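Here is a friendly walk through one protein model. Have a look at the chain first, and then we can go through its strands, helices and loops together.

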Amino acid sequence: MRRIALALLLAVCAPLLMAGGQAPPPRHLDLSAADRDELDAISAYLSGITTLKGGFIQVEPNGTADEGTFYISKPGKMRFEYKPPSPTLIVSDGHTVAVANTRLNTVDRYPLSETPLGLILDDRIDLRHSSQLVSVAHQEGSFVVAMRTSSNRVKANIALVFSEPDYELRQWTVIDNQGLSTTVALRSLVPGTPLAPSLFMLPDKNPFGHRRQD
C-alpha cells in the first residue's frame, strides 16, 4: 500500500521520501538553448492540460505490475484507480489527497499543499525556472526531466519522461530513500474530455461502495 502511494507522482506520501540534511544543489544548470526551448515547450504542454484521462501500468522494483485508470482535472484534482486485486484508490479534490485501501477499510489524508503534485496539477507550470529541476537528458526519442521533490535534496528522485517531438508525458520513475525504483507508464491518453465532478470526491471508508448518506 505504501509503495503504491509513493509511486504515484511521488505525490501522496511525498513527505515520507523527502530526505533531510543535504545541501541544496546550485541553481545554475548548464542547459543548452535547445534544452531550454524543450523545457518551455513541455511546460506549455503541461500548462495547457485542463483534463486528462488514460490508463497506467506500475512496475515495482521486484518486477511485479499493477494497472488501472487515472483522471486529472486541473487545478489540483486527480483520481487513480487500481484494478483488482489491488485495493488502492487515490483521490485529490484540489485541497486534500486521500489514499484509500478497501481491503483494510482505511483512508489516509494529506494536505495537497504539502505534496509536489504541482509538477502536474498546477494551472501554470514552468519547469525551466523550477528550483526542483536537476537535469535533462535525451534518451531514444524521449526527453527526460529529472526533478527533486524537496529543496533539501541533492539528487533527483523523480524522472519525468516525455515523447519527442510532441512532448506527451509517457511515464515517470520514482527512486525512494533505499534506492529502489518504481515506474508508472501512461497509455491511451485522452486530453480535454469532460470529467464528472464525482470522480474527485474524497473517499470515506469503503470507498468503492456507496457513500454515506448524511
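Leu160 stands opposite Trp172 in strand 10. That pairing belongs to strand 9 (residues 158-163) and strand 10 (residues 169-175), which pair in the antiparallel sense over five bridges. Strands here are DSSP runs of E with at least two residues, helices are runs of H or I with at least four residues, and both are numbered from the N terminus. Two strands count as paired if DSSP finds at least two bridges between them.

Before going further, please keep in mind that this is a predicted model, in which local features need pLDDT of at least 70 and side-chain atom pairs count only at pLDDT 80 or more, while totals for chains, interfaces and linings use all residues. Residues are numbered from 1 along each chain as its sequence is written, and side-chain values use heavy atoms, with hydrogens and water left out.

**The sheet**

The protein chain has three helices and eleven strands, following the pattern α-α-β-β-β-β-β-β-α-β-β-β-β-β along the sequence.

| Strand pair | Bridges | Opposite residues |
|---|---|---|
| Strand 1 and strand 2 | nine bridges | Gln58 and Asp66 |
| Strand 1 and strand 11 | seven bridges | Lys53 and Val190 |

Strand 1 and strand 2 have five residues between them, and Gly63 in the turn has a positive phi of about 95 degrees. Strand 7 and strand 8 have two residues between them, and Glu140 in the turn has a positive phi of about 50 degrees.

**Helix 2 and the cores**

Which residues of helix 2 are buried? They are Asp35, Glu38, Leu39, Ile42, Ser43, Leu46 and Ser47. Buried means under 20% relative accessible area, exposed over 50%, and partly exposed in between, with a 1.4 Å probe and protein chains only.

Leu39 and Ile42 are also among the residues with the most contacts inside the largest nonpolar core, which has 36 residues. Phe70, Leu127, Val145, Trp172 and Leu186 are listed there too. A nonpolar core is a set of buried Ala, Val, Leu, Ile, Met, Phe, Trp, Tyr and Cys residues joined through side-chain atoms within 4.5 Å. A second, separate core of five residues includes Leu89, Val91, Ala98 and Ala100. In soluble globular proteins, nonpolar side chains tend to be buried together. Over the protein chain, 46% of the 214 residues count as buried.

**Loops worth a look**

Asn62 sits in the loop between strand 1 (51-59) and strand 2 (65-73). Asn62 is exposed, with a relative accessible area of 61%. The side chains of Asn62 and Thr64 are joined by a polar contact of 2.8 Å, meaning a pair of N or O atoms within 3.5 Å; within protein, one must be able to donate a hydrogen and the other to accept it, and residues adjacent in sequence count only if both atoms are side-chain atoms. The C-alpha atoms of Asn62 and Leu180 are separated by 9.3 Å, although the two are 118 residues apart along the chain.

The loop between strand 9 and strand 10 holds Pro165 and Tyr167. The peptide bond from Glu164 to Pro165 is cis, with omega near 10 degrees. Tyr167 has a positive phi near 60 degrees and counts as buried at 17% relative accessibility.
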